[in-house]
Amino acid sequence: MNNTSRYNWSVLYIDKKNGDFLGTRQPLNLKTHNSDIFHTVTEADSKRIDLISYKYYKDVNLYWIIAEINNILNPLEIPIGTILRIPTYERIQMKVLDD
């Protein structure tokens, strides 16, 4: 994309199977904060980022926030011992969920 594209600063959702464009959203811009929680991935949750999401946010559907904040490309294969930065629910609610 060139610098004049309206998608230049957006996260694009594209269906990997057929290339269909599914939509956009603004990228997360959550800098490290002293209220952030740090979670060390164990064998039990290395393939279940949704359960980590539920533990901290009480919502399995917010796993993508943890994945994006930590630059995880494949949320189903997180190496054991990885330390994840998890913003508090209050921060993501103010910055992401209410946009």
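In this predicted model, the side chains of Asp-36 and Arg-85 meet in a salt bridge, with nitrogen and oxygen 2.7 Å apart. This pair links distant parts of the chain, since Asp-36 sits in the loop between strand 2 (21-25) and strand 3 (37-40) while Arg-85 belongs to strand 4 (residues 83-86), 49 residues apart.

- Asp-36 has a relative accessible area of 8%, and because buried means under 20% relative accessible area, Asp-36 is classed as buried.
- The arginine partners of Asp-36 fall under the cut-off of 20% as well: Arg-85 counts as buried at 13% relative accessibility, and Arg-91 counts as buried at 11%.
- Through salt bridges that share partners, Asp-36, Arg-85 and Arg-91 are joined into one network.

**The pair Arg-48 and Asp-50**

- A further salt bridge is formed by Arg-48 with Asp-50, whose closest N and O atoms are 2.8 Å apart.
- Arg-48 has a relative accessibility of 38% and therefore counts as partly exposed, a class that lies between the limits of 20% and 50%.

**Fold and order of elements**

- The protein chain contains 3 helices and 4 strands.
- Read from the N terminus on, these elements follow the order β-β-β-α-α-β-α.
- Among contacts in the protein chain between residues at least 6 apart in sequence, 53% join residues that are at least 24 apart.

**Burial and surface of the chain**

- Of the 99 residues in the protein chain, 31% are buried, and Asp-36, Arg-85 and Arg-91 are among the buried residues.
- The protein chain exposes about 7,200 Å², and carbon and sulfur atoms supply 53% of this area.

Definitions and conventions. Residues are numbered from 1 along each chain as its sequence is written. This is a predicted model: local features need pLDDT of at least 70, side-chain atom pairs count only at pLDDT 80 or more; totals for chains, interfaces and linings use all residues. Side-chain values use heavy atoms; hydrogens and water are left out. A salt bridge is a side-chain nitrogen of Lys or Arg within 4 Å of a carboxyl oxygen of Asp or Glu. Helices (H or I, at least four residues) and strands (E, at least two) are DSSP runs, numbered from the N terminus. Buried means under 20% relative accessible area, exposed over 50%, partly exposed in between (1.4 Å probe, protein chains only). Contact means heavy atoms within 4.5 Å. Accessible areas come from the Shrake-Rupley method with a 1.4 Å probe; for residues, only the protein chains shown count as cover.
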